[in-house]
2 protein chains.
Amino acid sequence: MAATSVRQVNIAIIGLGGVGKCFLSQLEQLAARRPSPKLVVTYICTSKKALYSTDHVAIDFRDLPSTLAASPHAPLPLPKLADFLGTSGSKTVLVDNTSSQDVADAYPLFLGRGISIVTPNKKAFSGPYKLWQDIFAAAAQSGAKVYHESSVGAGLPVISTLKDLVDTGDEVTKIEGVFSGTMSFLFNSFAPASGSGGGRWSAEVKKAKELGYTEPDPRDDLNGLDVARKLTILARLAGLPVESPTSFPVQSLIPKELESAASGDEFLEKLPAFDAQMEETKAEAEREGKVVRFVGSIDVATKQVRVGLEKFDLSHPIAALKGSDNIISFYTKRYGSNPLIIQGAGAGGDVTAMGVTSDLLKVLSQIA
Amino acid sequence: MAATSVRQVNIAIIGLGGVGKCFLSQLEQLAARRPSPKLVVTYICTSKKALYSTDHVAIDFRDLPSTLAASPHAPLPLPKLADFLGTSGSKTVLVDNTSSQDVADAYPLFLGRGISIVTPNKKAFSGPYKLWQDIFAAAAQSGAKVYHESSVGAGLPVISTLKDLVDTGDEVTKIEGVFSGTMSFLFNSFAPASGSGGGRWSAEVKKAKELGYTEPDPRDDLNGLDVARKLTILARLAGLPVESPTSFPVQSLIPKELESAASGDEFLEKLPAFDAQMEETKAEAEREGKVVRFVGSIDVATKQVRVGLEKFDLSHPIAALKGSDNIISFYTKRYGSNPLIIQGAGAGGDVTAMGVTSDLLKVLSQIA
């Protein structure tokens, strides 16, 4: 099968937020650079509108936002979308750029119809273990592919590296790291390894929000669930059948009294009253010559997964992290005492979309 | 195409040294874990002996060393091997676990016959630029695959990450790192970031040799050519048509007077007389609050590739490296001011073989 013959692969895209827009731009460049396989976007939707034609004609990207806004179509219900894509006569890849649980729940349906999936959506792989099993069973049965590099560490090669370690027979003993850009930024500012600087905790949270490093309601970062979801995914890939992201200890940085605050703004307003506690945690670490960081760890042998605050020596790579970078250390039998480490930006539209695009390339190399 | 159907892929293996033995062990485990595709080793050879049968029957691995020693066959000349493998009727992957230039020179021949290649052999990708072009032209023409992850950083995901960056349209601006386990060990011992310790240069070289961290003749590490070969590969992948590993500045750590020493032992005997020079280099760095390291760097914009000694702040990740670890930093447009960093063991039979095995898995996913 010569690589020069032109084959066609259809692409369906759900979600046009920050990651979706970056992905679309990368996809356009990709299609321009690579004539084969011919990539034809036959379906694209936001939560409100969709573009498609019953005869699967390629969608014109020019003026996409306004064309979409003017479209008479609502998004197809997911079972109908599976029918639509499954009957096109071409190999098809669904790109899910949402963080929707509903879309995630439908992955087995799509995969069962032979539709491959690439996505940064964590929900499918960190939800109930049953969904995880259904997804990979459906893919194995139909031969469709499912890739989700950007579900952990955005475009950093975290999932692919862990898969390579496991698939080649290495024994992963421990995974440890900083898995949240928000948490990384917060603690690198609040308790810098250089010792100097670092404002009050509540002020750092407020600053992070203003700079766009947090979710609209910062509690969605501070509850630790985002990190717990990523740990769930990695633990499962390492062979632990973790039931859900709430089935292991996750430390929330939201004071109990503020869990019920009506809004993110109210939360931020009341947070300063609780600064003393974080200040004490920081001071305790300093007395030991350490810094405090919000990390996740998986001990494969003891099957222990945990997410929360830990203290690190100043010479530890986790203490030396900068900005909003992620760092992930894989301890394995083959790598011995020094782990295999991957480090860099773990959030942002462009690098997240990059993980999705490189997943798409991997799928194309196998199905086209 | 259901993933449960059993297809067959033939494997030919050249080289049974340290990496080759580890690869064989990983391959056996792989074949035991994965029933599909069925992996059949039809040819295996060292530099002296070969095992194969004209009807392409699977080779029995039991007692392989003694079976090989007892074999009446010399290795097939490479054109004959290409004929043998090309006429088996099955998809075939050639695993080159040698560092032979002759085998490397024959890659276009194998690829042209539709035989895929996985290898840690640097020679093919760091030799004359013409060979590089011939290899990828032959692969593009026939559709055969060629993967060489372990040619840089052993099993670390260096090549695959750089390819993903480039293929998804990121702009790599600079690549910098420690690419030699030997050099890493030497300088982490000679000029530790902790400041204390560090023996005389010649004593460190002698120790590294005794611990098995150097080539039999340490000059084969100290001449910088191994690092230059790796930089050539990365520069080409980043888009620079580097002509050869000698077409850019490479600093050799062999004193001029010892280049002509008759043996590695004579070199080691005479090296102490030249300790003052390295001692001064180390002291100069210390006066600036830095440490000296042997690094390679590629500046893509100015097309400058260089290999040699550089000074690094103690807080720099390169200064903090441990043991014989490699570290590779990718600076790109998308990743901004903080690079994407990959770090860990960059040498050793098991981790090198792991890169070969994971390459094999990637090829299988595409051809089987």
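Let me begin with helices H8(A) and H12(A), which are roughly parallel to each other, a term used for angles under 35 degrees. This is a predicted model, in which local features need pLDDT of at least 70 and side-chain atom pairs count only at pLDDT 80 or more, while totals for chains, interfaces and linings use all residues. Residues are numbered from 1 along each chain as its sequence is written, chains are lettered from A and ligands numbered from 1 in the order in which they are written, and side-chain values use heavy atoms, with hydrogens and water left out.

The axes of H8 (residues 159–167) and H12 (residues 225–237) of chain A cross at roughly 20 degrees and come within 10 Å; these axes are lines fitted to C-alpha atoms over the stretch in contact, and the helices are DSSP runs of H or I with at least four residues. Where they meet, Ile159(A), Leu162(A), Lys163(A) and Val166(A) of H8(A) face Ile233(A), Leu234(A) and Leu237(A) of H12(A), contact here meaning heavy atoms within 4.5 Å.

Turning to Glu215(A), we find this residue in the loop between helix H10 (201–210) and helix H11 (219–222) of chain A, where Glu215(A) touches Asp220(A) and Asp221(A), leaving aside residues up to four places away in sequence. Glu215(A) has a relative accessible area of 40% and is therefore partly exposed, that is, between buried (under 20%) and exposed (over 50%), with a 1.4 Å probe and protein chains only.

Finally, 100% of the interface residues of chain B are also interface residues in chain A, so the copies meet through the same surface.

Notes:
Helices (H or I, at least four residues) and strands (E, at least two) are DSSP runs, numbered from the N terminus. Axes are lines fitted to C-alpha atoms, for helices over the stretch in contact, and angles run from 0 to 180 degrees between N-to-C directions. Angles under 35 degrees count as roughly parallel, over 145 as roughly antiparallel, 65 to 115 as roughly perpendicular and the rest as oblique.
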